[in-house]
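Please work through the following exercises with the sequence and the model open beside you. Each task is followed by a solution that goes step by step.

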Amino acid sequence: MEQKGKYYITTAIAYTSGKPHIGNNYEIVMADCIARFKRKEGYDVFYQTGTDEHGQKIELKAQEAGVTPQEFVDQVAGVIQGMCDLLNTSYDKFIRTTDKVHEAQVQKIFKKLYDQGDIYKGAYEGMYCTPCESFWTESQLVDGKCPDCGREVKPAREEAYFFRMSKYADRLIKHINEHPEFIQPVSRKNEMMNNFLLPGLQDLCVSRTSFKWGIPVDFDPGHVVYVWLDALSNYITGIGYDAEGNSTEQYKKLWPADLHLIGKDIIRFHTIYWPIFLMALGEPLPRQVFGHPWLLMGGGKMGKSRGNTVYVDDLVDFFGVDAVRYYVLHEMPYENDGNLTWELVGERVNSDLANTLGNLVNRTVSMSNKYFEGVVSHKGAEEPLDQELKAVATAALGRVTEKMADLRVADALTEIFALFKRCNKYIDETEPWVLAKDPAKADRLATVLYNLVESLCIGASLLQPFLPETAEKIVGQLNTSLRDFDQLGTFGLYQSGGRVTEKPEILFARLDMKEVAERDRGISEAMEKAQAAGDSGKADQNGSLKEMEDSSGEAPSVEAKPEITYEDFAKLQFQVGEIISCEAVKKSKKLLVSQVKIGSQVKQIVSGIKAHYTPEEMVGKKVMVLVNLKPATLAGVLSEGMLLCAEDAQGGLALMKPEREMPSGAEIC
């Protein structure tokens, strides 16, 4: 694939006041899809996401939880990053605004802007909204309440530093007019121009004294840097910006950002405040800011007070990672809000993933095995129908690329599934089961199945940025690999004589919609009970640290072992292993013996997990292995390591596996 230069993409950083819901997580999946697609196009991609960790709200949350603010954000940031990993996102950097490098650079940025006269000291007086950490004038209030969140506001006066926004307003207006691609969709640009820029900008408060949890203004004790100058700066501090002129080579390579992907509710901060800060610093502006719509729950905005919050781990636990990725990517319109319910996800899984895609792969592999013992051969018995299928397959890349260039991710995914639908139609048109009855048409049957396998290779390669695990499973069943994009315009690259897998895997099982509804009701009832009890648990996205605890089942009691030093721990060698074969140990009721591939070597490991796993279940699993355990003989069988497991209070065992796909032999540290 020809290299096309760099591509720097960011998401908004998640606020660590509590566990985010699926509406917040949608953004990181969309950004991941774009990043993966750009990599496939040949770009050198850097994808950054992270957490925003300062502010009065977090200070109050920590007090309520009885912990320090740092302890609070450490816990929540871990949950947020875990969700990024759960959704299989390929971020290159996860930045936290409590990172020392970030904090030091924000102090330098503040001082530079102060020294050059862009920041001055004054006092702020107005109506203050604590949840939004924003001051408002009486005229800005809506029915006497905060115009952003609708909550109560209180009169407040506070000494603060301010940024001279009006100094750069005309320059920003000129930039927006000369770069129509800068703010997308166009409706967001019109909103910013008409509602904020053209009426005139007020100076912006950039420091606070009413709370302590923030980056200190180092030359004026008592002041901390306000959220916008702190949080927005992550896009440059995370890649090596230095306000004193010593920026890293990475920064020089990556900046300006090619895309800031954010929610429409924070478009003002990213298209007015952030560009003006950059202008004052003498840095280029990002090439594009895209304000995506919201993902609504049953037609309404998700929120704790509405009792309609849905969490990604609940959805993934029931539907699977790629099913959730498919839904949020496919069901989010370009500009208008999308909608999510459990029933809608279930219906989409059944119609698109199980029927259109899963059934197609299963039929193709099954027929190849039934009629040709799994061998896929091109016999040249072509008919006009084949040309129609080939035309759809080879044109798919262009159609998908066109949609992705405009960030129309849902439309791009629809184009890929148009190819899968055409394949299903091709099966109906060619009727392989009829061809199989006539020995004289064996070559025609072989050609039909070859065309289906080849089309699936092209479709899976296009699908990879959207549903990475599913794409790999498809080509795995065809015993081939995903292709580079520059190969997708050619039909016929599948090696004639290749062999599909003997037993096709069900990619997506059809769901019982009654079971989907019951699961939804069960989670909703658990949320309501938790709220009624005054302990929000998983239902409260803005709750204390209790919400991060897993309340599913009895907590096991584990006896503490003596403390060890880091030197003791460093002696242990942990690596990722792949189980390539497994069988029961004869004359043992508890033991299984596995052959585990760890990088270039294979170790034999005996484990007492027969009551929890069958040998067939073990094969193919990626597991965590203690590699340098002294060999021992168990029940007459040599064991050269240990598989790591977790044990619950009832004695149930679960193998420890990497959250993300990792190669065999990867070091665990």
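This is a predicted model: local features need pLDDT of at least 70, side-chain atom pairs count only at pLDDT 80 or more; totals for chains, interfaces and linings use all residues.

Residues are numbered from 1 along each chain as its sequence is written, and side-chain values use heavy atoms, with hydrogens and water left out.

**Exercise 1. Decide how far helix α11 is enclosed by the rest of the structure.**

Step 1. Helix α11 covers residues 312-319, and because 6 of these 8 residues are buried, the helix is largely enclosed by the rest of the structure.

Step 2. The buried residues are Val312, Asp314, Leu315, Val316, Phe318 and Phe319.

Step 3. Just after α11, Gly320 takes a positive phi of about 100 degrees.

**Exercise 2. Compare the salt bridge of Asp74 with that of Glu505.**

Step 1. Asp74 pairs with Arg96, and their closest N and O atoms are 2.6 Å apart. Because Asp74 lies in helix α3 and Arg96 in strand β4 (residues 93-96), the pair ties together parts that are 22 residues apart in sequence. Asp74 is partly exposed, with a relative accessible area of 36%.

Step 2. Glu505 pairs with Lys473, the closest N and O atoms being 3.8 Å apart. This pair links Glu505, in the loop between β17 (498-499) and α19, to Lys473 in helix α18, and the two are 32 residues apart. Glu505 is partly exposed at 37% relative accessibility, and Lys473 is partly exposed at 36%.

Step 3. Salt bridges can also be joined into a network, as they are for Lys6, Asp258 and Arg287.

**Exercise 3. Describe the largest cavity and the second largest pocket, and say which residues line them.**

Step 1. Both are found on a 1 Å grid over the protein atoms alone: a cavity is a set of points where a 1.4 Å probe fits but cannot get out, a pocket is an open set with protein on both sides within 12 Å along at least five of seven lines, and lining residues have an atom within 4 Å of a point.

Step 2. A search of the whole structure finds 1 cavity of 30 Å³ or more, and about 40 Å³ of space lies in the largest cavity. Its lining includes His54, Glu133, Trp213 and Asp230, and the lining residues divide into 5 nonpolar, 3 polar and 2 charged.

Step 3. The second largest pocket has a volume of about 960 Å³. Of the 26 residues that line this pocket, Glu469, Lys622, Pro658, Arg660 and Glu661 are the closest to its centre. Two or more lining residues come from each of α1 (22-41), α3 (69-86) and α18 (468-477), and α18 gives the largest share, 4 residues.

Step 4. By class, the lining of the second largest pocket has 7 nonpolar, 4 polar and 15 charged residues. In these counts Ala, Val, Leu, Ile, Met, Phe, Trp, Tyr, Cys and Pro are nonpolar, Asp, Glu, Lys and Arg are charged, and the others, Gly among them, are polar.

**Exercise 4. Locate Leu572 and name the surface patch to which it belongs.**

Step 1. Leu572 lies in the loop between α20 (566-570) and β18 (574-584), and Leu572 is partly exposed at 39% relative accessible area.

Step 2. Together with Ile564 and Phe569, Leu572 forms a nonpolar patch on the surface, with about 280 Å² of accessible area for the three together. Patches are made of residues with over 30% relative accessible area and no salt bridge, where like charges are joined within 9 Å and nonpolar side chains (Val, Leu, Ile, Met, Phe, Trp, Tyr) within 5 Å.

Notes: Accessible areas come from the Shrake-Rupley method with a 1.4 Å probe; for residues, only the protein chains shown count as cover. A salt bridge is a side-chain nitrogen of Lys or Arg within 4 Å of a carboxyl oxygen of Asp or Glu. Buried means under 20% relative accessible area, exposed over 50%, partly exposed in between (1.4 Å probe, protein chains only). Grid points are joined across faces, edges and corners, and a volume is the space filled by probe spheres set on the points.
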